[in-house]
Amino acid sequence: DALYGVEDAGYVPKPRAEAFATVFGADRLDPAQAAMFEDDPRTLQVPHGLGMRTVHVAPEAAPAPHVEHHTSDLPGCLSHLV
């Protein structure tokens, strides 16, 4: 239920793996229980490799092995999760 920014990762930007490791380590989070929503499908490679669910958010889908889901309607997508 938490949202994190680059400041929480010691200003190490996504998609660098150490940014995710810092945040997951600080809160003892399991990447397999997390999701990454991103408009640039390239940025989803590292989170997917860590076991996170990946969602590409853009008007058009960009299929790739590391993109598990696509939506052009983020609010609509999120409303199905709660």
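Predicted model: local features only at pLDDT ≥ 70, side-chain atom pairs only at ≥ 80, totals over all residues.
## A walk through the strands and the core

Let's begin inside the sheet, where H56 stands opposite H70 in β3. The strands β2 and β3, the latter covering residues 69-71, pair in the parallel sense over three bridges.

Now step back for the overall plan. The protein is built from three helices and three strands, and their order along the sequence is α-β-α-β-β-α. The chain has 82 residues, of which 29% count as buried. Its accessible surface comes to about 5600 Å², and 56% of that belongs to carbon and sulfur atoms. If you take the contacts with a separation of 6 or more, 19% of them are between residues 24 or more positions apart.

Back to the strands. On β2 we also meet β1, for β1 and β2 run parallel and are joined by four bridges. One place to look is M36, which stands opposite T54 in β2. Strand β2 itself is mostly covered, as four of its five residues are buried.

Next, look at R53, which lies in strand β2, made up of residues 53-57. Is R53 buried or partly exposed? R53 is partly exposed, because its relative accessible area is 49% and the range for that class lies between 20% and 50%. R53 touches A34, A35, M36 and E68, leaving aside residues up to four places away in sequence.

Which residues make up the largest nonpolar core? There are seven: F20, F24, A34, M36, L44, M52 and V67. Two members of this core, F20 and F24, deserve a visit of their own. The structure holds one aromatic pair. That pair is F20 with F24, and it is stacked, at 6.5 Å centre to centre and with 25° between the planes. Both residues lie in helix α1, four residues apart, which is about one turn of the helix. F20 is buried because its relative accessible area, 10%, is under 20%. F24 also counts as buried, at 10% relative accessibility. Beyond its neighbours up to four places away in sequence, F24 touches L29, P31, A34 and M52, and of these A34 and M52 are listed in the core as well.

A polar atom of the D30 side chain lies 3.0 Å from the backbone nitrogen of A32. D30 is partly exposed, with a relative accessible area of 43%. Although 22 residues separate D30 from M52 in sequence, the two are 8.7 Å apart in space, C-alpha to C-alpha.

The other loop runs between β1 and α2 (45-49), and T43 has its place there. Is T43 buried or exposed? T43 counts as buried, because its relative accessibility is 10%, below the 20% cut-off. Not counting residues up to four places away in sequence, T43 touches K14, P15, M36 and E38. Among them is M36, the residue we met opposite T54 in β2 and again in the largest nonpolar core.

Key: Residues numbered from 1 in each chain as written. Heavy atoms only, no water. Helix = DSSP H or I, 4+ residues; strand = E, 2+ residues; numbered from the N terminus. Buried < 20%, exposed > 50% of the residue type's maximum accessible area, 1.4 Å probe, protein only. Contact = heavy atoms within 4.5 Å. Areas by Shrake-Rupley, 256 points an atom, 1.4 Å probe, with all protein chains shown as cover. Polar contact = N/O pair within 3.5 Å; in protein donor to acceptor, adjacent residues only side chain to side chain. Phe/Tyr/Trp six-rings, centres within 6.5 Å; stacked < 30°, edge-to-face > 60°. Core = buried A, V, L, I, M, F, W, Y, C linked by side-chain atoms within 4.5 Å. Pairing = 2+ DSSP bridges.
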